[in-house]
Every structure is written in C-alpha cells, then in structure tokens.
Amino acid sequence: MHGFSEGTYDAVVIGAGHAGSEAALALARTGQKTVLLTLNLDSIGFLPCNPSVGGTAKGHLVREIDALGGEMGVVADLTALQYRMLNTGKGAAVQSLRAQTDKNAYHREMKRVLEHTENLRIVQGEAARILTENGKVSGVVTSYGGVFSCRAAVIATGVYLNARTITGEVVKESGPNGFAPATLLTQNLMELGYAVRRFKTGTPARLDGRTVNTSALTVQPGEDVFPFSFLNDGVPPSDRQKVCYLTYTNQKTHELILSNLDRAPLYNGTISSTGPRYCPSIETKVVRFSDKERHQLFLEPEGADTTEIYVQGLSTSLPHDLQKEMYRTVKGLEQCEIVRYAYAIEYDCIDTLDVLPTLESKKVEGLYTAGQINGTSGYEEAAAQGLVAGLNASLKLRGLPPLILRRDQAYIGVLIDDLVTKGTDEPYRMMTSRAEFRLLLRQDNADVRLTPIGRECGLVSDERWQRFLERKQMREEVLSLLNTRADNKQAAALLEAHVEHFTNGVTYSDLLRRNIPIKELKREFGLFEGVPNDILLSAETEVRYEGYLKTSEREREKAKRMEEKPLPPDLDYEHIDGLRLEAREKLARIRPLNLGQAERISGVNPADIAVLMVYLTLKERK
C-alpha cells in the first residue's frame, strides 16, 4: 500500500468512545497538538449499552473525572433525563449518583465539544499499525496508508478490536450497534509484545415504548439530588425529570430460558470468551441463581426524542424468536414489540500486567492504553482511564512528572492500581468494596481531593479553579456555622421529635451527631441558603463520621509510607535471598514501583515484603 503523510502531531488517540474522548481532550487542553482517530464519527461518545452515566462506585468515578477537569460529568448533566441517588439506606461513603441520559444528545454534545477544542483534529479512519523507533512511538498508520507522525499514542479501542456479535446461531463480524469492527490493530499489538485475550459483554433489547403497558408497572421517579459536575449547582426538580419503570421476570420467563439452553450461545459452545461477573446475561442469572423466583428489571428511556425503551437486567444472546417470546412473559411487556434485538459481543483486549501505573506500556515508550482494551467494563471506568492516559501522555511530552493517583486519593487510583498490579481475568467493574479508603473517597469531596491536582497538571481551567475556590470557602463557612449554638427552644423541639434527650447549649454539630439530618436543620433553622446539596452532604459527613475519618487518616498515612519506599526498576528479584519462588516470579513480571504496590500483588505475602524491606535497608546502608 502506498503510504502518505497526514502530518506531524504530538499525540494520536485511537478510538473516540468515552476513554478516547477524555484522552483527546486532556491532551489538547494541555497544549498538545492531537489527532483523534475514530472508525466512525457517528460513534463519538456513543452509549452502546445502557443510556445512563454513574451508578454504584461509577458515580464516584464521574465526579473524580470532573474534579480533575474532564468532560463526562459536564455532558451527562447537559443531557440527563433523570437523576437518582443509589444506596441512600447506607452510609455516605457508598452512596452513588446515577443519571439516565439522552443517548443521542450525549453523543452529539460530546462530538460538539471535541469539534470546538483547540489543538484537536478529528479524523474518520481505522488505525492499522503503531510505528516505533528505538522502542518509542513514532507514528500511527491508517488502513488507507495515512501516516500520522507523533511522539505519543493512546489506544482506546473499546469493544471494537476483532469484534463479533452473537445472537443465537447468527454470528457477525461487527462492532456494537451495527458499527464496523476494527480488524487490523490486534496483530500489530501482538507484534509489539502484548498478550491478547478475548472478553465478552452483552446488551438487552430495545422496545417500542408505545407497546409497553406502563400502567401495570411500578413508577421510578427522579430525585432532587446534586449534579455530576462541580461547575453546576443543581439538577432539575424531580417533577420535571423523566420516569423509569420497575418490573420483574417470573417463573414463565425462567422456564422458557431453561428449556432452550441448547439454543443459548453461552451454553452451547458458540461463546467461549469471558463475560462480566457483575453484569450477567439473563441466561446466566437464571442458571446460576436457580433458587430465585424473579429478577428485577428497569425500563429506561433511551432519549427525549425517541420511543425506544432499554430493558435494564434482561441482557441476552438468545435467538430472535426466543427473545420475543421471553420479553413477552414479563408483566407490562405482554404486547411489546422489539425495535433492536439483544446480542452478545466478543472483542480483543490486553493483559494489563504489561501496563505501568501511568497507563503507559512497558513494551513501547509513549504508548498508552485506556478503557476496555485494558479489560474493564463500563463507560465510567473507560473515561477515567482515558483522562489519566491522555494527561500522562501530555505530562511526558511536556517533560513533567507523571500523574499516579494512589488508592487513598481516588477511586481512579484504585481502578488503575487493581489493573496494573493484580490484572484481571474477566471484565473489571469498579465497586465501592474495592476501595479500602472509601470513607475518605466520597463523591461529595472529589473536588477537594483532586481539583488541585488537576490544576497542577494544567487541565483545570481558570473558570473551574475559581469555582473550586468558591466552593471550598462555602464548605468552610458551613462547617464553621455548624459549630455555633442552636436556638435552645427549636433544638429541644427537634430532639423531642426524634425521641432524644436534650442538653442545654447544643450546637448544630451536636444535632447532626444525634441523627438530625442537615436538610432538616436547613428547614427548621433557615440555614445554608444557596449552598449546594453536595457541600451540605460533605459537611454533614465530616461532622458525623469525625472519629472514623481520623482512623482512616491514620491508615492512609501508614499506606503512604509504604508507597514512598521506591523499588529500583532494574531490581534483580531472582537473587534476593529469602523471597519465595512465586513472589520472585510475580515481582519480576509486574516490576512494582514501590513497596506499597508490591504488597498488593497476588502471590506476594507479608514475609516477602519483610524480606524486601530488609534488602532495601541493607542496600541503603551500603
């Protein structure tokens, strides 16, 4: 093929899904001349599965992306149809924001933002090869022979690498939603030394909303919560938000599936790749949880300008005829018509033990990976990695130190550390239980934790920084006010309503500790006028969990001390006496940056860490 120059750039981003969009924006906004290469302009920022952003732990990621100067939260707020707060019956640490978004509007808005970003060129085309010189990235070649010369590249190919969709007996070489797959890059990745593996995910059918009997279903209204972006003060009132509906599978649904497992690709051998543990198909749920009489389903609008309904919880790869029969067994869907049938999709990804905590490759300098190519599932996980990969590529190009978020700093730090230290044998999903410092890593304080870091890296704009300073001052004023004394009469009346013993001279903080919600203080005492809900939640949590937070801070300091003990990159683990064989192999394979990362490697136990500490101490003395 005849090659031709497409120009010289600082960086090329391959793929324009959620990872690619954030990577391209992080690079361009920090002054790097960037190309965003995508198979199809119509798939930019596309939501191929559920029309939502956020969710358990994922909402934390979106708020962190926003705090660092990313775009996902801004676009989600602009296109949100409904907001809900998950896990409100639990503590503040695990409560997570989720929004139904308008699928088409989200794509259009993200595309608009990218098109109007300085230093960014968008090109429709397929990446065929990564060019290297002396072990460093030197360019990206398209399937048509176009050569983009560059010093850094971010691979964010999503589920498109050698993608194929499976529905019953029908297998097609296709990306999600009928988009074309990327068929050329996998071979090049293998040549560069990557270990390639095969993962799977799936999606439910979309129904014609006019054929759904919503009167038979439980209404799930929106809620008056706070937005994703710290640039915004509030969300539309709940009565102006779209509603979702709740229904369930039943015995008839389950019997239909169980009697047709021979036609189910997951059980007849058509699909052999690894699927997501925490978002299984309905076939897997019915087989694995045979004792359950029903499974919860949510009917969610795909957009404000369409009748399409997404059936959350009913993902399947059954043949079309069985899909139609199955969906019609569900209450409210007896007469439903399917407009897009469900399918499973398989795709190539890499082993993230070949990736550094900066998301740069251990194989090729200047090459970064982000999103589902790293074995993750979910838009939010992808966007978080995209931002970190793009920002680290930019920092390297500018000759600045890299950004490595620790586990005690951000959910993003937990996500990336899990991937590069432990690896994953199945599509990885972020969960609050993975974060040992989750009380410190709440969604309400993401800006306090991360906006100064984003500012230091050059990604936080002047507007966002000013907004951060205003919010910080407001938070401090709320905390100060909470330590003042409340009116005795009003306080006594409140406490009596809550069947509490009252002591004279009580402060507002005392009332919070006696389980009076801060919203109730606001209403009863006329306080906090104009203060955003997330700032109130943050202040309330700081007061109520003061003792636990101090304990977490002490644990954080211990963890930081381990992270601050670096391990030489060329350390010869084979010749360190006292290390077990498994530990030597794992340490040599992963090459941890410090003792903290070393102790989190599966197969490395406390005795091995003690050996390393002694070795480092003796080396320092010498």
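In the predicted model, strands β2 (residues 11-14) and β3 run parallel and are joined by 4 bridges. Within this pairing, Val12 stands opposite Val35 of β3. Strand β3, which spans residues 34-38, is mostly covered, with 5 of its 5 residues buried. The cover extends to both faces of β3: Thr34, Leu36 and Thr38 are buried on one side, and Val35 and Leu37 are buried on the other.

Positive phi values were found in residues other than glycine, among them Ala57, with phi near 70°, and Arg591, with phi near 50°. Ala57 is located in the loop between β4 (52-54) and α2 (58-68), and is classed as buried because its relative accessibility is 0%. Arg591 lies in the loop that separates α18 from α19 (595-599); with a relative accessible area of 31%, Arg591 is partly exposed.

A search of the whole structure identified 57 salt bridges. One of these salt bridges is formed by Arg84 and Glu223, whose closest N and O atoms are 3.7 Å apart. This pair links distant parts of the chain, 139 residues apart, with Arg84 in strand β5 (residues 80-86) and Glu223 in the loop between β16 (218-220) and β17 (244-248). Arg84 counts as partly exposed at 22% relative accessibility, and Glu223 is likewise partly exposed, with a relative accessible area of 23%.

A salt bridge also connects Lys324 with Glu337, the closest N and O atoms being 3.3 Å apart. Here Lys324 belongs to helix α8 (residues 320-327), while Glu337 lies 13 residues apart from it in the loop between α8 and β20 (338-340). Lys324 has a relative accessible area of 29% and is therefore partly exposed; Glu337, at 33% relative accessibility, also counts as partly exposed.

The side chains of Arg580 and Glu582 form a further salt bridge, with an N to O distance of 3.7 Å. Arg580 is partly exposed at 32% relative accessibility, as is Glu582 at 37%.

On the surface, a patch of negative charge is made up of Asp570, Asp572, Glu574 and Glu585. Of these residues, Asp572 is placed in the loop between α17 (546-563) and α18 (581-590). Asp572 counts as partly exposed because its relative accessibility is 40%.

Technical notes. Residues are numbered from 1 along each chain as its sequence is written. This is a predicted model: local features need pLDDT of at least 70, side-chain atom pairs count only at pLDDT 80 or more; totals for chains, interfaces and linings use all residues. Side-chain values use heavy atoms; hydrogens and water are left out. Patches are made of residues with over 30% relative accessible area and no salt bridge: like charges are joined within 9 Å, nonpolar side chains (Val, Leu, Ile, Met, Phe, Trp, Tyr) within 5 Å. Accessible areas come from the Shrake-Rupley method with a 1.4 Å probe; for residues, only the protein chains shown count as cover. A salt bridge is a side-chain nitrogen of Lys or Arg within 4 Å of a carboxyl oxygen of Asp or Glu. Lys and Arg count as positive and Asp and Glu as negative; His and the chain ends are not counted. The place of a charge is taken as NZ of Lys, CZ of Arg, CG of Asp or CD of Glu. Helices (H or I, at least four residues) and strands (E, at least two) are DSSP runs, numbered from the N terminus. Buried means under 20% relative accessible area, exposed over 50%, partly exposed in between (1.4 Å probe, protein chains only). Two strands pair if DSSP finds at least two bridges between them.
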